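Here's a quick briefing to read with the model open in your viewer. Have a look at the fold, then at the aromatic rings.

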Amino acid sequence: METSNRELQAAEYLERHQIKELLSYLTSALLFFRPEKPREYLVSLLERLRIAKVTGVAFPFFMDNSNIVAMFEMMDSSGRGTISFVQYKEALKTLGLCTEDEDLKDDGHIITLDKFKEEVNKRMKEIWSAF
């Protein structure tokens, strides 16, 4: 009985402080940049996150616009300047910006590069600001 109570308390603690999400995003950033000194990189990233939270400066996104454009162009193999909703949703999942159970509504519109960049940047800002 005590073990299940402790496990429940631990799970609630992790959820309340969004620890699983934070570790997931730190891991994504680590794998994206693959720094020579991963521990120092993580400490630096957490410090930048703390400074951003205190001062209001920009959060340390692990993808800049050139990365977002490159990802979009890989999905837009025909060069039409658009991707499908399915590609859009999968890209958000791949980036950790959309959960499996999140219900994104397909409004029937095609996804342009501008829409894709706007959504990725908005979601990254929401995620980092939650920590």
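Helices here are DSSP runs of H or I with at least four residues, and strands are E runs of at least two. On that basis this predicted model has six helices and two strands.

**Fold and surface**
- Reading from the N terminus, you get the element order α-α-α-α-β-α-β-α.
- Of the 131 residues in the protein, 27% are buried.
- Take the contacts between residues at least 6 apart in sequence: 63% of them join residues at least 24 apart.

**Aromatic pairs**
- A pair of aromatic rings is described by two numbers, the distance of the centres and the angle of the planes.
- The structure has four aromatic pairs, and one of them joins F33 and Y41, at 6.0 Å centre to centre with 50° between the planes.
- F33 is partly exposed at 43% relative accessible area, while Y41 is buried at 15%.
- F85 and Y88 also make a tilted pair, since their ring centres sit 5.8 Å apart with the planes at 45°.

**Around helix α5**
- F85 and Y88 are three residues apart in helix α5 (residues 85-94), so about one helical turn separates them.
- Both F85 and Y88 are buried.
- Together with F72 and F116, F85 and Y88 form one aromatic cluster.

Definitions and conventions: Residues are numbered from 1 along each chain as its sequence is written. This is a predicted model: local features need pLDDT of at least 70, side-chain atom pairs count only at pLDDT 80 or more; totals for chains, interfaces and linings use all residues. Side-chain values use heavy atoms; hydrogens and water are left out. Buried means under 20% relative accessible area, exposed over 50%, partly exposed in between (1.4 Å probe, protein chains only). Contact means heavy atoms within 4.5 Å. Rings of Phe, Tyr and Trp (its six-membered ring) pair if their centres lie within 6.5 Å; planes under 30 degrees apart count as stacked, over 60 as edge-to-face and the rest as tilted.
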